[in-house]
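Me: I'd like to learn how to read a few features here. Please take them one at a time.

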Amino acid sequence: MDYEGMIFRPPSEAYSILLQVTVGCSHNKCTFCEMYKEKRIFKIKSDEQIMKDLAFAAKHHRHIRRLFLCDGDALILPQKRLVHILKEVKRQLPWVERVGTYANTKSIAKKSVEELKELKALGLSIAYMGLETGDDQTLSAIKKGADAARMIDMGKKIRSAGIKLSVTVLLGIAGRERSMVHAQETGRVLSAIDPEYVGALSLMLTPGTPLYEDHLAGNFPVLEPDELLRELGAMIAATHMTDGLFHSNHASNYLPIRAKMPAEKEKTLALINRALEGKVALKPEHLRAL
């Protein structure tokens, strides 16, 4: 398989075939993210290379049932090219049961609901969208490129096409003063979108990003473990999902949580409270300091 630069994928795609169809991220302006900074020019890979990679996967990855389209935003591909790729996946890798991709508000907006339904019919089963926060002030500060209303509209749009949606949120991204605003507003936006999955990650500042520089300058505080847990608890309390999974079991988190919503909501909040009372041990390897 031909890969340009570092390849990133969601944790749940760890055992998927990784097919790189774009290089970089079509937005690539978020102040906290360094994933695609080395790939300053976003581009779509050639059909010739993509077909070569599919042929390789057909020969060497016959036991893998999932495929993930890389890089940062494969959904931004023109509909005709994306349809062609998905048809080739079906033809060359008929055993693949699920195709996933990252998606942002810009790429979702470029597709009509009918086009999204066409992609769903061709095997695109799940999209991963980085919300980060539902707080408009924080969304603007981190240069996410969309406000909360836009996030809600685009999240609902992709769900209306039958494509499952996994939304990522970032604990600590609003700093200390807006921590509870971030938690409440994120819960509100998640409730409005009502995705199948929510993944909460703890912010980990990375050298070279604008947010890291703000931290070094004393302008952005990193929350302590107990503050992150309070934020998580407030966020879950404000989130009302009809039938979804809210998890914070990423390696960055102090307290692994996997809650079926709404059935396990109260039990999860009780677990967080016990952790805050010192009755549940946090993961010591993540008690980090910057």
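Reply: Start with the elements: helices (H or I, at least four residues) and strands (E, at least two) are DSSP runs, numbered from the N terminus. Lys 157 lies in helix H6, residues 148-160. This is a predicted model, where local features need pLDDT of at least 70, side-chain atom pairs count only at pLDDT 80 or more, and totals for chains, interfaces and linings use all residues. Residues are numbered from 1 along each chain as its sequence is written, and side-chain values use heavy atoms, with hydrogens and water left out.

Me: Is Lys 157 buried or exposed, and which side chain of opposite charge is nearest?

Reply: Buried means under 20% relative accessible area, exposed over 50%, partly exposed in between (1.4 Å probe, protein chains only). For charge, Lys and Arg count as positive, Asp and Glu as negative; His and the chain ends are not counted. A salt bridge needs a side-chain nitrogen of Lys or Arg within 4 Å of a carboxyl oxygen of Asp or Glu. Lys 157 is buried and has no salt bridge. The nearest side chain of opposite charge is Glu 115, 7.1 Å away.

Me: Which backbone oxygen does the side chain of Lys 157 reach?

Reply: That of Ile 108, at 3.2 Å. For contacts, the rule is heavy atoms within 4.5 Å. Leaving aside neighbours within four places in sequence, Lys 157 is in contact with Ile 108, Ala 109, Lys 111, Ser 112, Val 113 and Leu 116.

Me: Where is Lys 110 found?

Reply: In the loop between helix H3 (105-109) and helix H4 (113-121). Lys 110 counts as exposed because its relative accessibility is 56%. Not counting residues up to four places away in sequence, Lys 110 touches Ile 76 and Glu 115.

Me: How many aromatic pairs does the structure hold?

Reply: Rings of Phe, Tyr and Trp (its six-membered ring) pair if their centres lie within 6.5 Å; planes under 30 degrees apart count as stacked, over 60 as edge-to-face and the rest as tilted. The structure holds three such pairs. One of them joins Phe 68 and Tyr 128 edge-to-face, 5.9 Å centre to centre with 75 degrees between the planes. That pair links distant parts of the chain: Phe 68 is in strand E4 (residues 66-70) and Tyr 128 in strand E6 (residues 124-132), 60 residues apart.

Me: Why does Phe 68 count as buried?

Reply: Because its relative accessible area is 0%. Tyr 128 is buried too, at 5%. Tyr 102 and Tyr 128 also pair edge-to-face, at 6.3 Å and 70 degrees. Phe 68, Tyr 102 and Tyr 128 form one aromatic cluster.

Note on methods. Polar contact = N/O pair within 3.5 Å; in protein donor to acceptor, adjacent residues only side chain to side chain.
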